[in-house]
Amino acid sequence: MIKTNNISFTFKEFDTVEELESSDRELVKSASEAALNAYAPYSGFRVGAAVRLASGIIVTGSNVENAAFPSGICAERNALSNASANHPGNIPMVLAVAAITEAGNSYEPVSPCGNCRQVIAEEEIRSGKSIRIILSSKNKIQVIEQGGDLLPLQFSRNNLPVTPC
Ligand code: THU
């Protein structure tokens with residue numbers, strides 16, 4: 001018997017960062033500033049990410065590329081790893097992403113790559129809390145309430161044959 005399934009999700013879109021609440025505006029600003037610290041000599045694409053932790057503090061990351069291309073890391077994973085390593089137990093609640101070009105903030109929002117989506121999803125499972133994602137740009141801000149929505153049918157610890165500790 002064939003079943004046809006459907007997965008969909010809803011997200012909000014704003015025209016400018018001014019329409020966000022002040023703590024989210026602050027987070028987007030931190031992400032844009034973090035992009036200035038990117039090391040992106042190969043792509044020239046500088047990305048910054050800022051994570052708001054449950055305590056309210058902000059932890060940032062930027063992309064760091066490498067001549068051995070796969071050794072580079074995206075801004076999102078850099079920020080989330082930074083938070084995990086330096087603020088254990090302080091749960092990531094909101095993640096903002098911004099990219100800069102020579103003309104300033106990018107015109108289109110930057111969406112996390114597949115690797116980053118997998119890591120965001122694991123952080124949500126780990127903490128039991130959803131992470132709100134804010135993808136910002138000059139002309140458009142997209143807000144996704146739950147990072148896992150960006151990775152339907154995700155691989156997770158539940159797929160592993162042995163229950164991890
Ligand atoms: N990149 C990020 O840091 N985050 C994203 O969401 C998309 C891509 C980086 C990886 C690489 O250094 C450069 O942007 C071009 O792909």
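Leucine 153 is found in the segment after β7, the strand at 141-144. Strands here are DSSP runs of E, at least two residues, and helices are runs of H or I, at least four, both numbered from the N terminus.

A word on the model. It is predicted: local features need pLDDT of at least 70, side-chain atom pairs count only at pLDDT 80 or more, and totals for chains, interfaces and linings use all residues. Residues are numbered from 1 along each chain as its sequence is written, and side-chain values use heavy atoms, with hydrogens and water left out.

Back to leucine 153. Its phi is positive, about 55°, although the residue is not a glycine. Buried or exposed? Leucine 153 counts as exposed, at 77% relative accessibility. The cut-offs: buried is under 20% relative accessible area, exposed is over 50%, partly exposed is in between, with a 1.4 Å probe and protein chains only.

Now the ligand. Which pocket does the ligand take? Its space is the largest pocket. A pocket is an open set of points on a 1 Å grid over the protein atoms alone, with protein on both sides within 12 Å along at least five of seven lines.

Who surrounds the ligand? Ser43, Phe45, Val47, Asn63, Glu65, Cys74, Ala75, Glu76, Val110, Ser111, Pro112 and Cys113. To be near, a residue needs a heavy atom within 4 Å. The shell divides into seven nonpolar, three polar and two charged residues. Ala, Val, Leu, Ile, Met, Phe, Trp, Tyr, Cys and Pro count as nonpolar, Asp, Glu, Lys and Arg as charged, and the others, Gly among them, as polar.

Polar contacts next, meaning pairs of N or O atoms within 3.5 Å. An N or O atom in the glutamate 65 side chain is 2.5 Å from a ligand oxygen. Glutamate 76 places a polar side-chain atom 2.5 Å from an oxygen of the ligand. At alanine 75, a polar backbone atom is 2.9 Å from a ligand oxygen. Alone, the ligand exposes 370 Å², and the protein buries 76% of that. Those areas use the Shrake-Rupley method with a 1.4 Å probe.

Next, helix α3, residues 114-127, which holds glutamate 123. Glutamate 123 is buried, at 12% relative accessible area. Its side chain makes a polar contact with the side chain of arginine 126, at 3.1 Å.

Last, arginine 157, also in the segment after β7. Arginine 157 is partly exposed, at 32%. Its C-alpha is 9.9 Å from that of arginine 126, 31 residues away along the chain.

Technical notes. A polar contact is a pair of N or O atoms within 3.5 Å; within protein, one must be able to donate a hydrogen and the other to accept it, and residues adjacent in sequence count only if both atoms are side-chain atoms. On a 1 Å grid over the protein atoms alone, a cavity is a set of points where a 1.4 Å probe fits but cannot get out, and a pocket is an open set with protein on both sides within 12 Å along at least five of seven lines; lining residues have an atom within 4 Å of a point. A molecule sits in a cavity or pocket if more than half of its atoms lie within 2 Å of its grid points.
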